[in-house]
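Please look over the structure below before reading on.

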Amino acid sequence: MNLQRRWEFLRKAMRRVVVYDVPDGAHVGVVTFHSVARTVAPLTFIESEDSDMRQRVGSSLPRNPSAVPESHKCVLCGMQEALRVLNEGDATGATIILVTTGTGPTPSREVDEMIRLAETRRLRVEVVLYPLTERRGAAAITHGLERLVEASRGTIFTVMDEGVGNDSKVKMMVALMDSLLAAVRQNAPSHAPGSPVLVHSAGYPGGIASMSEGSFALDESLGQDARFSVYYYDLNHVGNAIQLTAPSGQMIASVNVQEEDGDVNMIFVNLEKAERGLWTYKVENRADSHQGLYVQVTAKRNASTGLQVRLWTNSGSRPINSSDPSAPVIVYAEVKDGVAPILDARVVAKLQRLGTNVTGSNYEPIYLELWDNGIGDPDITKGDGIYSRYLPTLRGYPGRYLLSADIDYNSGMAVIAKGPPTRHHKGPSSHLAHYFQHPNYDSWNSEQTCCGSAIPHVHTRRAPPFLRHETWGVLEVVAPPPSRDNVPPSRILDLKVDVNDTVHEISLRWTAPGDDWDNGRAHHYEAVVAPYWREARAFQGDRLTGLPTPLPAGTMHATTLQFTRYEELWYLCVRAVDEAGNTGAVGNIAALWVPRPPTTYEITTRTQPALTTSGNYTLTSELGSGRPVGVMELQLEDVAVILGSIGGFLVVVAVLVSYCYCHTSRRRKQQHEKDVEKVHGGACSGSVMVKSGSVGLEEGGGSHESLDSVVKECPDASRDGRPLSPVQSWGATTLLQEHERRLSVHSGGAADEGPLHAPFPDVTVTDYRPATGAVEPSVYLPCQHEEAACHCAVPGPDYTSYAAAWDEPLTGHLLSRARTAAPTPAPHQQPQQIPQADRKRRNVTQV
């Protein structure tokens, strides 16, 4: 203790705690020890804050330390002397704050005796290791007091040795003050009236001449007065400017109101009847580069009600083995307003490794935001005001980490539950209210389906501005981190399933776990769906595909999948896998029941299907799963639908075949009737057919036969031997020429005076003999109105009755389609071309 300013810092720290922080009505005594122990301050009653007894007890330590080597120290002697001092009063349930260097282990026999004394008198022992020298690359120093602290339900605080040359950093003094204050608060409940409260604590490094700025909040749970303090190594490190701004905007120039306490290296401002709300400050920082300034705001509780904050871990004071994932460490923080929980507060834990790195600088702190989400791993209940989180993996070598936390009102987002909560219920069971009606599906109620729960609060009110800084103690890491990542993701214990009956989809929701417990981001997800709860619990069943990529820990996941297994109870489970292949434990099992669609029956509706084989059948599994599907699993409704589909298909095929057969038979029958009519109606057995696509008029007025005409010859005589008439033996060309000639002669005009007014219609002629090359006799085919010159009235486009002149000998053989005579073009006009459609109308299709 003689090196640097260690003993001086101890005297200053004890004075600060006894004079300013020990609550009124407490009894305080001081005992020093080396090879022997002695009392320097008897057990004294601290009546009030202004009592002179505070100054006497606070300044009772000797000015210089003992010259006895530390190897001769007797910790048991000091504890026995403390018990003698406590015998003057009621020592039951008292707290002993043991400050020792921690150099060299305490003999086991002494530790056993101290444990016996502590258990007999129900003492609480708080150990402060000051200072603890760290040897880089060497194993952690064992002080041997862990068993004593654990048996007495105490805490270990550690202050690392940080010195520069012959001087020590002011950081050591401030850390020692915080440790002593935390130890005092362990004895006095944090909610007890008059107990000390550390509202705000911040450090500002030196080396840069600047204004250090910050803020703090005062709430109704604190007393009327507060103290704003600045700690320094040298008085010249603090400039003249210390400015405070009240929540109302009033600025306080503290030059005239600030006070100095050289015995504590502190400049402070007493805020009497301080306003409630958010304060801001500015301090002129002139500290050296290896020193700094530290600002703290302290107050005392006003009553047992109001804001209550507590910080702890599940490991207690035992050392932590970071390479053992079977015993993870969980950090807890309780934030309440009296008995009402405070929701949506901001709780940030800080892990600061003590000591310096190889460069002589401080280690980077690790910040961890705590959650009150009730997902079950690790936070059990949502809405109870208890925030928790797994301790992240500490990648460094064995060492000591100071655990503290800053709690505030989250920029106005925090709310206080107003009134008693509604009934306590399990969260995940609300998503499927009717699955308990199926007791035959395995043993659903044999185990808990989810570990998380929630306390719903109907009424809440906005929390006023508040801020707290809590120091818990030091976590000792005794084992180095493993060579590979062996920490799995946390469990998913808030999986919920919502069924959409309209589109037959299921919506999955859960909170994302991390890579190491609930820190970081997992690599991917695995999920199964099984017909039995035990299979899902063992993570056996159909594997689901198409799951989303993991989000950062604490983020809510939501995804939608198709599910077509109707009217059956299924069980679903999801777990996370990290990049190293570590799988998270199985979480809660969610149940789902999808009703069958009322109008349509979907056999398969899948997302990202995967083929699975079962025997001789290869089927596509729903949800991309790989569960085999066999014939025995088909239900009666499935078989009926399949057979009905096959029967309907066969009926449609039979109807199509019958229709084709009937249509073909009718066509054949009609063709046969036509052939018979040709034979019995005077047609020859081998007819001559002129099939013309069109017969058009050339510019000269003449006509020509179609190039695609097909001529078939027949015998000269009919079957009955009766000869044909001359007209019947004419060809189509001869008939047309004769008709044109008769018309031109009858009209008195020359053949070259103009185009033919009423051309002879196209015909299909049935004849017994082919046309000969001799001159054919002419046939007179008059118009219907002989009185006119030749301008015959042309009938309509429809077929008409046979003309009288055609009764003999063409009756039953020639059928004309009348056409409208083409108008005579004017001399200056060119003859118009007959449209293609008109040409087609000239064809005769009658046989």
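Is cysteine 74 buried or exposed? With a relative accessibility of 12%, cysteine 74 counts as buried, where buried means under 20% relative accessible area, exposed over 50%, and partly exposed in between (1.4 Å probe, protein chains only). This is a predicted model, in which local features need pLDDT of at least 70 and side-chain atom pairs count only at pLDDT 80 or more, while totals for chains, interfaces and linings use all residues. Residues are numbered from 1 along each chain as its sequence is written, and side-chain values use heavy atoms, with hydrogens and water left out.

**The disulfide**
- The structure holds 1 disulfide, a term that stands for a pair of cysteine sulfur atoms within 2.5 Å.
- Cysteine 74 and cysteine 77 are the partners in a disulfide, with an S to S distance of 2.2 Å.
- The torsion about the S-S bond of cysteine 74 and cysteine 77 is about 75 degrees, and the disulfide is therefore right-handed.
- Cysteine 77 has a relative accessible area of 22% and is partly exposed.

**Other cysteines**
- Cysteine 573, with a relative accessible area of 0%, is buried.
- Cysteine 660 is partly exposed at 46% relative accessible area, and its sulfur lies 9.4 Å from the closest cysteine sulfur, that of cysteine 662, which is too far for a bond.

- Aspartate 225, which is found in strand E10 (residues 222-231), is partly exposed, with a relative accessible area of 45%.
- Strands are DSSP runs of E with at least two residues, numbered from the N terminus.

Technical notes:
Helix = DSSP H or I, 4+ residues; strand = E, 2+ residues; numbered from the N terminus.
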